[in-house]
Amino acid sequence: MTRTTHLDAVILDYNGVIGRQPTHDQWVRLSRTAAWPDDDLTGFQRAFWSAREPYDAGQLSDLAYRARVLGSHPGPRLLDELRTADTAMWTGTDDRVLAVLRRVHRAGLPMVLLSNAPAHLSDVLDTHDWRRMMHQALYSARLQVCKPDPAAYEHALKATGVKDPQRVLFVDDRADNCRAAEEVGLRALHYTGNLADLEATLMPVVG
């Protein structure tokens with residue numbers, strides 16, 4: 001865990017930090033919308049993730065991505081239903097984390113969002129109230145690159161306006177993303193859901 005009182009900015013992941021992970025019921029709803037067999041949720045999740053990275057990176061349209069998951073092209077109505085159910089899975093937020101981030105925001109420490117997110121979800125997240133706390137929000141679909149590609153972190157560091165990466169903290173729920181951030185010189189906190197870790201890292205900075 002990173003502890004420092006010398007930070008000029010924070011770069012935050014969305015899902016798993018600000019955003020809550022999807023519930024089992026949400027996964028079931030999406031799989032049933034896709035007419036996937038009820039006894040094969042694991043198979044549906046495997047298909048869901050198999051093409052997610054190029055979709056998140058803006059290389060696949062909604063239609064192309066859903067067609068890869070389903071194995072056939074959905075019609076316009078089903079495409080809209082799938083996109084709606086998918087987006088709903090990623091928009092729940094952790095109020096405890098947001099309370100910490102509000103203190104960071106009030107203290108004037110710049111925060112930049114760096115999220116692997118497809119285009120439609122990016123547009124939806126930008127409408128949420130918490131988004132106004134972010135100095136900038138960078139999404140993989142708009143950057144055309146996903147974490148842990150070093151280019152993603154370079155874009156985020158530039159967005160903070162801070163020259164020295166050692167004065168910027170990156171927070172993510174995935175260890176591989178944190179390792180990649182450290183490789184480009186950023187400090188990193190692997191956030192595993194323990195709010196005390198986040199508070200211990202950020203509260204000494206903001207007071």
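Is A51 buried or exposed? With a relative accessible area of 3%, A51 is buried, where buried means under 20% relative accessible area, exposed over 50% and partly exposed in between, for a 1.4 Å probe and protein chains only.

## Basis of the description

The structure is a predicted model, in which local features need pLDDT of at least 70 and side-chain atom pairs count only at pLDDT 80 or more, while totals for chains, interfaces and linings use all residues. Residues are numbered from 1 along each chain as its sequence is written, and side-chain values use heavy atoms, with hydrogens and water left out.

## Overall architecture

The protein contains eleven helices and five strands; these are DSSP runs numbered from the N terminus, helices being H or I with at least four residues and strands being E with at least two. Its radius of gyration is 18 Å, close to the 17 Å that the globule rule gives for 207 residues, so the protein is as compact as a globular protein of that length. The radius is taken over C-alpha atoms, and the rule is 2.2 Å times the number of residues to the power 0.38. Along the principal axes, the C-alpha atoms fill a box of roughly 50 × 30 × 30 Å.

Of the 207 residues, 50% are buried. Among contacts with a separation of 6 or more, 64% involve residues 24 or more positions apart, a contact being heavy atoms within 4.5 Å. The protein exposes about 9,900 Å², and carbon and sulfur atoms supply 48% of that area; accessible areas come from the Shrake-Rupley method with a 1.4 Å probe, and for residues only the protein chains shown count as cover.

Five strands form an open sheet in the order 3-2-1-4-5, with parallel pairing; two strands pair if DSSP finds at least two bridges between them. At the edges are strand 3 (136–139) and strand 5 (187–190), each of which pairs on one side only. From one strand to the next the twist averages 20°, with axes fitted as lines to C-alpha atoms (for helices over the stretch in contact) and angles running from 0 to 180 degrees between N-to-C directions.

Strand 1 is joined to strand 4 by four bridges, the two running parallel, and V10 stands opposite L169 in strand 4. Three bridges join strand 1 to strand 2, again in parallel, with I11 opposite V112 in strand 2. Strand 2 (residues 111–115) is in turn joined to strand 3 by four bridges, also in parallel; S115 stands opposite Y139 in strand 3. Helix 9 (residues 150–160) packs on the sheet and touches strand 1 (9–12), strand 2, strand 3 and strand 4 (168–172). The direction of helix 9 makes about 160° with that of strand 2. Strand 1 is covered on both faces: A9 and I11 are buried on one side, V10 and L12 on the other.

## Aromatic pairs

A search of the whole structure finds 13 aromatic pairs. Rings of Phe, Tyr and Trp (its six-membered ring) pair if their centres lie within 6.5 Å; planes under 30 degrees apart count as stacked, over 60 as edge-to-face and the rest as tilted. The rings of W36 and F44 have centres 5.5 Å apart and planes at 70°, so this pair is edge-to-face. Both W36 and F44 are buried.

Y55 and Y65 form a stacked pair, with 4.2 Å from centre to centre and 0° between the planes. Because Y55 lies in helix 3 (residues 52–56) and Y65 in helix 4 (residues 62–70), the pair ties together parts that are ten residues apart in sequence. Y55 counts as buried at 5% relative accessibility, and Y65 at 0%. Ring pairs link W27, W36, F44, F48, W49, Y55, Y65 and W90 into a cluster.

A51 is placed in the loop between helix 2 (41–50) and helix 3. Leaving aside residues up to four places away in sequence, A51 touches L60, Y65 and R68. A51 and Q26 are 25 residues apart in sequence and 19 Å apart in space, C-alpha to C-alpha.

In helix 4 the buried residues are D62, Y65, R66, A67 and V69. These buried residues pack against helix 2, helix 3, helix 5 (76–89) and helix 7 (119–125). Just after helix 4, G71 adopts a positive phi of about 85°.
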